[in-house]
Amino acid sequence: MGGGNFGRCDFVVVVVLVVLVGSVSGIGVNWGTQSTHPLSPSKVVKMLKDNGIQKVKLFDADPGILDALKKSGIQVMVGIPNDMLYTLANSVEAAEKWVSKNVSKHVSSGGVDIRYVAVGNEPFLSTYNRTYETTTLPALQNIQAALTKSGLSNRVKVTVPLNADVYQSSSEKPSDGGFRPDINNLMLQIVKFLNDNGAPFTVNIYPFISLYADPNFPVDYAFFNGYQPAINDNGRNYDNVFDANHDTLVWALQKNGFGNLPIIVGEIGWPTDGDRNANLQSAQRFNQGFMSRYMSGKGTPMRPSPIDAYLFSLIDEDAKSIQPGNFERHWGMFYLDGQPKYQLNLGSARGNGLVGAEGVDHLAKKWCVLKPSANLNDDQVAPSVAYACQNADCTSLGYGTSCGNLDVHGNISYAFNSYYQVNDQMDSACKFPGLSMVTDKDPSVGDCKFRIMIQTDSAVQHGKVGSLSIVLCSFVIFLCCNLLF
């Protein structure tokens, strides 16, 4: 993920409305699975259907998830992780085996409506230090060849989800856009290959990241409420950064002879915690603003036709890397337990309400907290908090977050409880020496929720219950110090 720089009459009316609504395909969502306690695939598929979601984008090809999508009527984009690109780039046979196992098998006999194979995920991010630059295109070519050999190339298209940092503008105007100079030649090869094979260009656009990365970025320009003054680009007006970012890509394509290449917005959304700009109100404002224009069929000044897009994301992922920022674990429209965070109209017949997951059981109503009698000067406090945060999730703590107003006691209790819940409320997970205790009184305060973990059959134990004598990473020490002092 990431961002860039930037009677008969009545009958006639009904028919017209049906035609208009039918002209916009249903919204898609990203279904990520980096969670300590993922919901079962069958529950998630039911959620998708209950919310009228017609397309889903995956980051791998998990057989359990694909089996759950059988005969669901949901269109699927399966993913190939970056760490598989080298093998697929260097072996046609490996590509053929991958397609046979992860595409052909499910399409032919399983009834899974696979439409795209996403080869890699934002492989040209500058933080990857060019790791995937020599393998992405060959992997793309080999997967395409394997699809062709299997007879699926007319039905299943390849694409590469790219971060919006693969293009840029020398000014604030989209018409000055072009591909990033260091990968320009590679991008042109990929774009030509996509064009030759009737495949789309997939881009992830994140106005939130524009705001996160630049403290001087105008906040309202990140939303869809008509920021003024709009940017005038040769008669085309841009009053939001999404349009400007998208059309910078359109110009980059057009200048190189690919002005008609289809574009998919592979990821777009707003997080709800982990940063001062990440909250429920902003996420609802952004996602509803995007959905309202999406449902109206409105495109961008350079591409006025309806947009093809996948919201990011469906459910929070509490095991995602927070290297880009603490907000990474909070992109979901739904919490970890599949319950909606806010009201959102996705264009289904259900109106403004998101429909939560059914049949989700939580653990007992108990929490691990700091003992009232605990000594804050105890030498075990700092390493205990650091250990808990390193092995659980403390991203709701800190300046501007949902739990940013907790006092020292509250911060410590939050860390302890997070570790306790991730470890399924095991007694040994609330044994911080002389510091912790289990309570049946909910310690939540206002918007700061001390959450209870859900019961799952596939809980991933990230914490190693036992010794607290570990080497702490520099981030956790930094976090601990900021929470305690």
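Mentor: Axes here are lines fitted to C-alpha atoms, for helices over the stretch in contact, with angles running from 0 to 180 degrees between N-to-C directions. Contact means heavy atoms within 4.5 Å, and helices (H or I, at least four residues) and strands (E, at least two) are DSSP runs numbered from the N terminus. Bear in mind that this is a predicted model, where local features need pLDDT of at least 70, side-chain atom pairs count only at pLDDT 80 or more, and totals for chains, interfaces and linings use all residues. Residues are numbered from 1 along each chain as its sequence is written, and side-chain values use heavy atoms, with hydrogens and water left out.

Now, helix H9 (residues 241-255) lies across S9 and S12, and runs at about 145° to S12.

Step back and you get the whole open sheet: 9 strands, parallel in their pairing, ordered S5-S4-S3-S2-S1-S13-S12-S9-S6. S5 (157-159) and S6 (161-163) are the edge strands, each with a single partner, so one side of each has no neighbour in the sheet. From one strand to the next, the twist averages 25°.

On to the helices. The axes of H5 (residues 92-108) and H6 (residues 136-149) come within 8 Å and cross at roughly 60°. That makes them oblique to each other, the class left over once angles under 35 degrees (roughly parallel), over 145 (roughly antiparallel) and 65 to 115 (roughly perpendicular) are taken out. H5 passes H6 in a right-handed crossing, meaning the near helix is turned clockwise from the far one by less than a right angle. From H5, the contact uses Val92, Ala95, Glu96, Trp98, Val99 and Val103, and from H6 it uses Asn142, Ile143, Ala146, Leu147 and Lys149.

H5 also holds Ser104, which is buried at a relative accessible area of 17% (buried is under 20%, exposed over 50%, partly exposed in between, with a 1.4 Å probe and protein chains only). Neighbours within four places in sequence aside, Ser104 touches Val99, Ser109, Ser150 and Leu152.

How values were computed
Two strands pair if DSSP finds at least two bridges between them.
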